[in-house]
Amino acid sequence: MRPFIPLALLFVIALVTTTSAQQGERGEEDEWPCSPPRSVIIVKWAEDASKAIQAAIDQAAATPGPDKVIIPHVGNPWIASETLNLCGELTLEFEPGVVLWAKQGKFDDKNHCLIKDEGVECVTLRGYVGTLRMRKHDYMMDTETYEPSEWRHCVKFNFGSEYVRILGLTMECAGGDGIYVGWDTRGAARPCRHVWIRDVTCRDNLRQGISITYADGVTIENCLLTRTAGNNPGGGWTLSPTAGITRSRPWRFASAGSSTMRAVACLSTWSACRWRIREAGLITSSP
Ligand SMILES: [Ca+2]
């Protein structure tokens with residue numbers, strides 16, 4: 001005789017299981033050691049968005065404790081003429097509808113990125129319905145103005161930053177990757193540690209949606225990587241190499257193969273792939 005389990009009890013079991021799963025999925029957030037912002041700085045609109053936003057970030061850096069800098073939605077794109085340098089203990093919040101757009105004719109150096117780190121801790125870039133946009137097609141077509149390159153990323157972390165979150169933003173038309181996390185090029189080979197990338201869309205970027213070449217503890221969840229084209233490998237994402245990585249869960253597109261390059265191949269077409277991946281351990285390649 002089969003044991004009788006009341007429907008209500010089944011519901012409770014299902015609820016507990018779901019809650020446990022959600023807690024497991026968000027478990028790393030429990031490890032987030034950073035304090036919430038104590039003060040808020042709202043950026044004032046300016047023709048040169050870079051100077052206005054950088055001034056707010058510098059103000060946050062000069063203020064003891066964690067701060068939030070808010071870029072408000074003003075109805076027009078914020079036009080950036082140069083790279084924004086992040087400070088520590090910073091939440092950079094893009095209000096819904098905000099577009100930060102690289103100015104035409106700027107970012108001409110092959111390594112110019114829209115946003116980069118300086119080896120800091122406790123940084124959150126948050127922008128649900130917020131967009132970081134570069135000018136990939138200009139970079140490809142106008143080689144007199146723009147030095148040919150595959151390194152003009154929307155967001156670059158490669159100076160050993162720790163506790164980094166990128167949430168909800170769309171990265172598009174980068175002259176490189178939407179997001180790059182890699183080597184500290186200043187000599188000390190320090191990986192970025194504890195990086196969360198969640199609810200991000202990378203669209204129409206030149207080289208990759210996301211590249212992780214050197215990091216320790218990366219969580220990537222619920223991202224949409226699509227329409228990467230223009231420079232090899234031209235995929236959704238790459239981790240290089242995969243040796244030594246401990247996976248806490250299967251890749252969602254495991255049917256495409258378990259190697260990174262197969263994963264890249266899966267995402268290298270015009271088709272969009274939604275996926276979730278969690279990685280723990282050192283992700284590295286030769287410098
Ligand atoms: Ca501060």
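Strand 5 (residues 90-94) is mostly covered, with 5 of its 5 residues buried. A residue counts as buried if 20 or more other C-beta atoms, placed from the backbone, lie within 10 Å of its own. Strands are DSSP runs of E with at least two residues, and helices are runs of H or I with at least four, numbered from the N terminus. The model is predicted: local features need pLDDT of at least 70, side-chain atom pairs count only at pLDDT 80 or more, and totals for chains, interfaces and linings use all residues. Residues are numbered from 1 along each chain as its sequence is written.

Leu 90, Leu 92 and Phe 94 point one way from strand 5. Thr 91 and Glu 93 point the other way. Both sets are buried. Strand 5 pairs with strand 2 (residues 67-71) in the parallel sense over 5 bridges; pairing requires at least two DSSP bridges. Here Val 69 stands opposite Leu 92. Strand 5 also pairs with strand 8 (residues 121-133), in the parallel sense, over 4 bridges. Leu 92 stands opposite Leu 125 in strand 8.

Overall, the protein has 4 helices and 18 strands. Buried residues make up 41% of its 287 residues. Of the contacts (C-beta atoms within 7 Å) with a separation of 6 or more, 73% join residues 24 or more positions apart.

The largest nonpolar core has 57 residues. Such a core is a set of buried Ala, Val, Leu, Ile, Met, Phe, Trp, Tyr and Cys residues joined through C-beta atoms within 7 Å. Leu 114, Cys 154, Val 155, Met 171, Ile 179 and Ile 197 touch the most other members. Not counting residues up to four places away in sequence, Cys 154 touches residues including Leu 114, Leu 132, Met 171 and Ile 179.

How values were computed:
Buried ≥ 20, exposed ≤ 12 C-beta atoms within 10 Å, placed from the backbone. Contact = placed C-beta atoms within 7 Å.
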